[in-house]
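Subject: The structure, and what turned up in it

Hello,

Here is the structure I promised to pass on. Have a look around, and then read on for what was found in it.

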Amino acid sequence: MEETGISREHILSILKNAKSEDTSYDRVLSSMCTYPHEIAVLAHTQFIEANMGDPGLFPGTYGLEKEVLKMFGSLLHHNNSPEKCGYLTTGGTESNIQAIRSMVNARRDINHPNVVMPESAHFSFDKVADLSGIEIRKASLDNTLKVDLNSVVSLIDDNTIGLVGIAGTTEFGQIDPIESLSEIALDRDFFLHVDGAFGGFILPFMDMEYHYDFEVEGVTSMTIDPHKMGLSTIPSGGLLFREPEYLDDLEIHTPYLSINKQYSLTGTRSGASVASTYAVMKHLGREGYRSVVDQCMEQTREIVSGAKALGIETVIDPVMNIVALNVPQADDVRKKLLDDFGWHVSITRNPRALRLVIMPHIDNNTIELFLADLEKLV
Ligand code: 0PR
């Protein structure tokens with residue numbers, strides 16, 4: 001670090017240069033993030049100093065967080081004072097870590113606990129295994145890439161304390177059979193966490209009705225991320241438990257703060273993302289999100305039919321706005337799409353397919369350009 005600071009203008013020009021090296025989302029088909037809504041950005045900047053780690057100092061922002069939790073509750077059929085049952089996290093990773101941590105803390109009577117989840121679970125669960133020493137058991141998938149229930153049952157033993165199901169898998173956007181997982185969980189008195197990090201802001205706004213949230217009796221906790229399809233700013237995540245008691249299992253004594261207990265994983269916590277999430281959810285309403293989801297699904301259908309016209313099939317019929325295309329030599333095609341045309345796409349692990357996430361920044365014109373470039377490569 002230099003002794004003397006540099007001018008504001010100079011700093012701004014350095015920042016401008018750095019920003020110009022970043023990828024704009026225009027040709028990004030690999031990300032679950034997108035441009036946040038303008039009102040989310042405005043709200044974010046207005047609450048930039050608010051620290052939810054010490055909410056006694058920021059009762060206004062704390063009030064907004066309670067309102068966001070009530071809105072989550074209404075989206076996810078949670079009728080038991082949702083404002084007392086969760087908090088806004090930094091994203092899906094923290095929510096998933098905390099959900100598992102709460103299970104482990106509630107079952108201190110079990111020495112070497114394990115949790116059974118699909119092979120398709122996000123890698124955030126491997127982080128919580130690493131942190132807490134809990135064993136993560138991965139169940140295989142059926143041919144539609146949902147978790148195979150026989151595999152789940154075969155992995156359960158006396159040390160199993162919970163199950164995880166996913167409402168919108170990272171790679172394929174598939175939804176696990178949450179109602180069946182719920183039956184297994186209720187029978188054995190297990191926790192059941194549903195990872196709706198991606199699907200949480202999609203499924204409530206789709207024409208098709210799915211049963212994956214708190215209306216399913218055995219579901220004990222859910223992840224839902226405003227900084228993905230919720231159009232909020234990064235870092236905005238959400239964690240909701242069925243009962244306030246589950247939060248107690250996360251509490252740590254905080255001797256010198258304005259509150260005497262803290263259940264979040266991080267200490268200092270962004271009030272800006274609370275305000276931005278509140279602003280965009282209130283501003284868009286269900287109607288607004290429905291039209292965002294409609295648009296993404298419309299573009300998803302466009303890309304699927306365009307690919308089919310090129311003789312390319314999808315791995316599964318897309319359930320939400322994630323498409324996996326069965327392209328021969330997917331890794332080569334991915335590289336050429338980037339090197340020759342500047343398209344960012346990703347690859348699924350099994351099977352190896354071209355993965356496209358059709359976020360709100362993808363419009364009709366983008367799809368046409370993409371398909372035209374893809375045609376040159378296949
Ligand atoms: N659960 C699911 C189902 C997810 O898909 C993700 C992230 C998480 C949890 C973790 O969420 P956070 O990343 O908010 O902690 N899925 C994306 C992925 O890993 C995240 C992502 C987003 C990756 C934007 C790249 C990107 O450009 O693919």
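Let me start with one residue. Ser 291 counts as partly exposed because its relative accessibility is 45% (buried means under 20% relative accessible area, exposed over 50%, partly exposed in between, with a 1.4 Å probe and protein chains only). Ser 291 sits in helix 9, residues 271–309; helices (H or I, at least four residues) and strands (E, at least two) are DSSP runs, numbered from the N terminus. Along the chain, Ser 291 and Phe 205 are 86 residues apart, and 8.3 Å separates their C-alpha atoms.

A few notes on how to read all this. This is a predicted model, in which local features need pLDDT of at least 70 and side-chain atom pairs count only at pLDDT 80 or more, while totals for chains, interfaces and linings use all residues. Residues are numbered from 1 along each chain as its sequence is written, and side-chain values use heavy atoms, with hydrogens and water left out.

On confidence, the chain has a mean pLDDT of 97, and 100% of its residues reach 70 or more (pLDDT is the predictor's confidence in each residue, from 0 to 100). The model scores are ipTM 0.98 and pTM 0.97.

Next, the domains. The assignment gives domain 1 (12–36 + 285–377) and domain 2 (39–282), with bounds that come from an automatic or database domain assignment. Taken over C-alpha atoms, the centres of domain 1 and domain 2 are 27 Å apart. Their contact takes 29 residues from domain 1 and 35 residues from domain 2 (contact means heavy atoms within 4.5 Å).

Where does the largest pocket lie? Domain 1 and domain 2 both give residues to its lining, so the largest pocket lies between them. A pocket here is an open set of points on a 1 Å grid over the protein atoms alone, with protein on both sides within 12 Å along at least five of seven lines; a cavity is a set of points where a 1.4 Å probe fits but cannot get out, and lining residues have an atom within 4 Å of a point. The largest pocket has a volume of about 350 Å³, where a volume is the space filled by probe spheres set on the points, and grid points are joined across faces, edges and corners. Its lining holds 17 residues, of which His 122, Phe 123, Thr 170, Glu 171 and Arg 355 lie nearest the centre. By class, the lining of the largest pocket has five nonpolar, five polar and seven charged residues (Ala, Val, Leu, Ile, Met, Phe, Trp, Tyr, Cys and Pro count as nonpolar, Asp, Glu, Lys and Arg as charged, and the others, Gly among them, as polar).

The second largest pocket holds about 250 Å³ of space. Among the residues that line it are Lys 19, Asp 22, Tyr 25 and Pro 36. This lining divides into three nonpolar, four polar and two charged residues.

Ser 81, which is not a glycine, has a positive phi near 45 degrees. You will find Ser 81 in the loop between helix 3 (59–75) and strand 1 (86–89). Leu 145 also has a positive phi, of about 70 degrees, although it is not a glycine. Is Leu 145 buried or exposed? Leu 145 is buried, because its relative accessible area is 11%.

Happy exploring!
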